Amino acid sequence: MTIFSPLDDRSPIILTVPGLGGSGPSHWQTLWEQSRPDTRRVELGMWDTPHRNAWVTKLDQAIRGAQAPVVLAAHSLGCLAVAWWAALAGQTFGTPVAGALLVAPADVDRDAAPAELHAFRPTPTSPLPFPSIVVASSDDPWIAADRAADLARRWGSLFIDAGPQGHLNAASGIGWWEDGQALLDRVLDVASERTGGVRTAAEARSLLAIHATDAAQAHYLGRPQRLKAENPTKSFEARW
């Protein structure tokens, strides 16, 4: 699947799930919503005073009302809303949520977490019932890189180290974030079979590892040759 693949009866709907404060006009989620016909926002409400149960309920309503397979593109506290939905919804693997791109998840359990995030404690750590990629920055003020990698491992997600790019938001200067779109397309590629059937967890994990590793090397990092020269045993930053 390419970034501008036409919609068909089997194409997933992409739902963006913003974090605390919502996503402003320069945020990649907003830009994706404006440029992709398959993408729309989950209006969680209470953006500045989020409540876990209210957010999870709104997310559940959006997923159930999509009338199609759903791929989630979440940011920051939105990733925690997704994790809580997965913990409470009891869906079978891959349906109705067929996959997720989870970007810069907020660490709500850290001592310095703002009070607005406390309602989302403790972070769910059960494996997610859909194929997923977690992307995190090495200098994100909202979560340490090793904590993000640990969450990815617990959730059963492929982990992508984005390098030093802050909170991977508008302030990071990533704009429309083509690299993130490349990773999203890898999730779309493996979320379901072209026949409309749902892949098994093992099939999805295997294919996601192959395709997202390609994305990390050729699309996301964009510098495989330099990395190989520096460390011939590690040409990308994608791992389970």
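A residue counts as buried when its relative accessible area is under 20%. That cut-off matters for the tryptophans below. The model is predicted.

**Confidence**

The average pLDDT of the chain is 84, and 75% of the residues reach at least 70. Residues 1-6 are one of them, with 12 contacts beyond four places in sequence in the model. Residues 211-236 are another, and there the model has 49 such contacts.

**Aromatic pairs**

There are five aromatic pairs in the structure. One of them joins Trp32 and Trp177, which are stacked, with 6.1 Å from centre to centre and 15° between the planes. This pair bridges distant parts of the chain, since its members are 145 residues apart. Trp32 belongs to helix α1 (residues 28-35), while Trp177 lies in the loop between β6 (158-161) and α5 (178-191). Trp32 has 0% relative accessibility, so it is buried. Trp177 is buried too, because its relative accessible area is 3%.

Trp47 and Trp55 make another pair. Their ring centres are 5.7 Å apart and their planes meet at 65°, which is over the 60 degrees needed, so the pair is edge-to-face. Trp47 has a relative accessible area of 18%, so it still counts as buried. Trp55 is buried at 0%.

The two pairs and their geometry:

| Pair | Centre to centre | Angle between planes | Type |
|---|---|---|---|
| Trp32 and Trp177 | 6.1 Å | 15° | stacked |
| Trp47 and Trp55 | 5.7 Å | 65° | edge-to-face |

Trp32 and Trp177 also belong to one aromatic cluster together with Trp28. Another tryptophan, Trp84, meets a charge: the charged end of Arg52 sits over the Trp84 ring, 4.0 Å from the ring centre.

In β6, both faces are covered. Leu158 and Ile160 are buried on one side, and Phe159 and Asp161 are buried on the other.

Strand β5 (residues 132-136) pairs with β6 in the parallel sense, over four bridges. Within this pairing, Val135 stands opposite Ile160 of β6.

Note on methods
Residues numbered from 1 in each chain as written. Predicted model: local features only at pLDDT ≥ 70, side-chain atom pairs only at ≥ 80, totals over all residues. Heavy atoms only, no water. Phe/Tyr/Trp six-rings, centres within 6.5 Å; stacked < 30°, edge-to-face > 60°. Helix = DSSP H or I, 4+ residues; strand = E, 2+ residues; numbered from the N terminus. Buried < 20%, exposed > 50% of the residue type's maximum accessible area, 1.4 Å probe, protein only. Lys NZ or Arg CZ within 6 Å of the ring centre and 35° of its normal. pLDDT = per-residue confidence, 0-100. Contact = heavy atoms within 4.5 Å. Pairing = 2+ DSSP bridges.
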